[in-house]
Amino acid sequence: MREKLVDRATPTQQAITADTSVAKLSALWLAYLREEGRIEATTINEYERVLTKVIVPELGGLRLRELTTSRLDLFLVRLRATSTSRQRKTKVVMGAMLGLAVRHDALAVNPVQQTSRIHRVRSEARSLTLEDLNTVREALRAWTSKQRPGPKATSDMADIIDLMLATGARIGEILALRWVDVSLSTDRPNLTINGTIKTEPGKGTYRKATPKSDASVRTVALPDFAVAVLQRRRKSKGQNPVDAVFPTRNGTWQQVNNVERRWRQIRQDTGLDWVTPHTFRKTVATLISERVGAETASQQLGHSSPAITREFYISKPAIAADVAHVLEELADPDPDHGPNTSGLSGE
């Protein structure tokens, strides 16, 4: 009995108390996340980067009892001067990490929760016009035909962008497409989005069998220009070990970062610096919203809610919708005899 009571009173090596340092808590928290397995490894790696580069160098030597709201608030305010994005990520990581300390009764409350609110400046969603798309395709043709050392450039980038415009899919989802996911012989050609591409240290680049969320798994009908792209690729590219629609020259999965870097090279000196792979996704959302509706645009993009599509993906029109024919009902029925003084309601 005495031995058991001693064991209960003596903190173990993994115990978290008010005297635990921030550096030790960060290591325990990362180990907990990896063991739990609920969060993707790439996300945990990003948390670790924020801890290693930002939080631990500044706060790592402090004990949990020393983490007051005022101290953390000052720390976050200083970060805002360097980067709002860094400030926001740091607050998220600290809040989640100190949540573990609260659950272990090392802290009574989470001091991050009462720090100043981070005001995020949101830019208006911007989509491509038809003129912009012409500029994009001219830049792609110029880049493909340009003489450069090494292997000749392929049509991959043009085809990837065409598939993004044809589906509204994320770049990782397009790169994760397999021929088994594509159906071109049906009455309505379609493809199914059911994976994405990830790259992790020590693991390399691989296809993750589930995309960003449950709502992201979807089958979309293909316009004729996308069918033509896929038919040409199927005839010219042949088979590859991973069944990828867009394999590397070695028959492996393409990295998202490599494709994004290639696009930045293509858009140089074209006035397209604002265009990212996500812009093609916004262009699809805006067009579908204008012609059909935001609900359909949300389904096409694989969002869990149309509110996300409206707020972040649909460009606002330069002028309000043309409802002049509706407002015509408010005109004076007898303009030659002065204003109507009876009121709209008639009473």
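A salt bridge is a side-chain nitrogen of Lys or Arg within 4 Å of a carboxyl oxygen of Asp or Glu. By that rule I get 16 salt bridges.

**Ground rules.** I am working on a predicted model, where local features need pLDDT of at least 70, side-chain atom pairs count only at pLDDT 80 or more, and totals for chains, interfaces and linings use all residues. I number residues from 1 along each chain as its sequence is written, and side-chain values use heavy atoms, with hydrogens and water left out.

**Entry: a salt bridge with an exposed partner.** I looked up Arg38 and Glu36. Their side chains form a salt bridge at 3.7 Å, N to O. For burial I call a residue buried under 20% relative accessible area, exposed over 50%, and partly exposed in between (1.4 Å probe, protein chains only). Arg38 counts as exposed because its relative accessibility is 63%. Glu36, at 36%, counts as partly exposed.

**Entry: Arg233.** Helices (H or I, at least four residues) and strands (E, at least two) are DSSP runs, numbered from the N terminus. I found a salt bridge between the side chains of Arg233 and Asp156, 2.9 Å from N to O. Arg233 sits in helix α9 (residues 224-237) and Asp156 in helix α7 (residues 156-167), so the pair links distant parts of the chain, 77 residues apart. Both Arg233 and Asp156 are buried.

Arg233 also forms a salt bridge with Asp159, again 2.9 Å, N to O. Asp159 lies in helix α7 and Arg233 in helix α9, so this pair ties together parts 74 residues apart in sequence. Asp159 is buried, as is Arg233. Through shared partners, salt bridges join Asp156, Asp159, Arg232 and Arg233 into one network.

**Entry: Asp162.** I stayed in helix α7, where Asp162 lies. Is Asp162 buried or exposed? Asp162 counts as buried because its relative accessibility is 15%. Contact here means heavy atoms within 4.5 Å. Not counting residues up to four places away in sequence, Asp162 touches Arg137, Phe225 and Val229. The side chains of Asp162 and Arg137 make a polar contact at 3.0 Å. That term covers a pair of N or O atoms within 3.5 Å; within protein, one must be able to donate a hydrogen and the other to accept it, and residues adjacent in sequence count only if both atoms are side-chain atoms.

**Entry: the sheet.** Two strands pair if DSSP finds at least two bridges between them. I traced an open sheet of three strands, in the order β1-β2-β5, with antiparallel pairing. Its edge strands, β1 (182-183) and β5 (218-221), each pair on one side only. Strand β2 (residues 190-193) is joined to β5 by four bridges. Leu191 stands opposite Val220 in β5.

**Entry: the cores.** A nonpolar core is a set of buried Ala, Val, Leu, Ile, Met, Phe, Trp, Tyr and Cys residues joined through side-chain atoms within 4.5 Å. The largest one has 42 residues; Met157, Leu191, Leu230 and Trp263 are among those touching the most other members. Elements giving it two or more residues include α6 (130-145), α8 (171-175) and α10 (256-267). Which element gives the largest share? Helix α7 does, with seven residues. Leu230 touches, among others, Leu163, Trp179, Leu191 and Val245, leaving out residues up to four places away in sequence. Another core of 30 residues lies apart from the largest one, and Val50, Leu59, Leu98 and Leu100 are among its members.
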